Amino acid sequence: MDLAAAPQPAADQADDLAPRVLAAVREVLGPATGTIGLHEPEFAGNEWAYVKDCLDTGWVSSVGAYVDRFERDLQAVTGVSHAVATANGTAALHICLLLAGVQPGDEVLLPALTFVATANAVSYTGATPHFVDSETVSLGVDAVALEAYLARIADRVGGHCVNRATGRVIRALVVMHVFGHPADLEALDALAERWGLVLVEDAAESLGSFYQGRHTGNVGRVSALSFNGNKVVTTGGGGAVLTHDPVLGRRAKHLTTTARVAHRWNFLHDEVGYNYRLPNLNAALGCAQLEQLPGLLERKRALAARYAQAFAGVAGVSMLSEPPQTRGNFWLNALMLATPDEGRRDAVLAALNEAGYMSRPVWTLMHKLPMYSACPRMDLPVAESLEARVINLPSSARLGA
Ligand SMILES: *Cc1c(COP(=O)(O)O)cnc(C)c1O
């Protein structure tokens, strides 16, 4: 048999996947001098001027004009009528869950495929995380699988969803927009409605992402944003609670500002509150960053298109593309192995990182972390497979210029 002319067996393809991926990444990004980060912030606008203004005027802490302006700007960008700026995205999620009425002893549904903050925020309320599976189009919560699961394990009792096995109320469903791609909000909202679950959006990764023309964070009763240093827009550290409900909006402000009752001089607090307010210094940075959001999104979209083109001809992998009816922010570009294979995934990760292109796998699934291993969960075949398929590629906006 003429071996040279024989078609390539699958095993050989596996062996040369890493160099083929590296070549495609190099084609998009050019040679790496030093390390090209996964997602680097960029301060090309009024950041220096606004931060200097805080220092010059002394307004650096939890009260100041930039905090108010940042909240107004967020309302304009997202179309949500109330935005309350917080110290970070995790704090925003914690407040969202409290506003959703989550109590100690409750359960809260959330994807196993998420950043740990989503599960931690549930724990802070004294509730138990209950992990659900994801789908392969958006990587968000799978509404169809969740519906079938709830039909098996839960009852609707007096308007609430009750876990038949534990007897606990399943109070809320937290959905997360993975890498900035909106989850299937229409189906998830309908499911939450049918089961008496409060819908909460963890929109930490999806500033600038739209589902059926509406910005993420508009569908949940409450939603959380993050402005951590690796997000599309950063305040250094920061977050925000979004809601259309004016009562919840006022309550978010109250809870994040130590539940202080307004008075000319007295320190009156009417419940256990939190010191979760975003400092003015950070909000100043955020105001300057939001001014540049359209340009950042444009360049991130251009970068995603270049990756898609470069990988179109690479067998065994594909770029995660925009789910139908969405316009994503392409926060992190995700290369997907055609089949789950941690060995192949790690070979690709090693080749990219060694060559200076910082690349990462997706988060370890929540139920595999020691503190969450005993939590209730449905079967998680898709999340397990995605964990062995996803590779995030360098995604900074400057790379799309
Ligand atoms: C970034 C992020 C958060 C919030 O993180 P902070 O660092 O606290 O701002 C929450 N959930 C997800 C999915 C995230 O990616």
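So, the lining of the largest pocket: its residues split into eleven nonpolar, twelve polar and four charged. For that count, Ala, Val, Leu, Ile, Met, Phe, Trp, Tyr, Cys and Pro are nonpolar, Asp, Glu, Lys and Arg are charged, and the others, Gly among them, are polar. This is a predicted model, where local features need pLDDT of at least 70 and side-chain atom pairs count only at pLDDT 80 or more, while totals for chains, interfaces and linings use all residues. Residues are numbered from 1 along each chain as its sequence is written, and side-chain values use heavy atoms, with hydrogens and water left out.

How much space is in the largest pocket? About 370 Å³. Of its 27 lining residues, F115, E205, N230, K231 and W331 are the closest to the centre. A pocket here, on a 1 Å grid over the protein atoms alone, is an open set of points where a 1.4 Å probe fits, with protein on both sides within 12 Å along at least five of seven lines, and lining residues have an atom within 4 Å of a point. Points are joined across faces, edges and corners, and the volume is the space filled by probe spheres set on them.

Who supplies the lining? At least two residues each come from α5 (89–99), α6 (116–124) and β17 (360–361), and α5 gives the most, with three. Those labels are DSSP runs numbered from the N terminus: helices are H or I, at least four residues, and strands are E, at least two.

The domain bounds come from an automatic or database domain assignment. Taken over C-alpha atoms, the two domain centres are 26 Å apart.

On to the second largest pocket, with about 210 Å³ of space. Its lining includes S62, K253, Y274 and R277, and the elements giving two or more residues are α4 (65–78) and α9 (246–256). By class, that lining is three nonpolar, six polar and three charged.

Last, α4 again: its axis and that of α10 (residues 280–291) come within 8 Å and cross at roughly 35°. Axes are lines fitted to C-alpha atoms, for helices over the stretch in contact, and angles run from 0 to 180 degrees between N-to-C directions. The residues in that contact are ten nonpolar, two polar and three charged.
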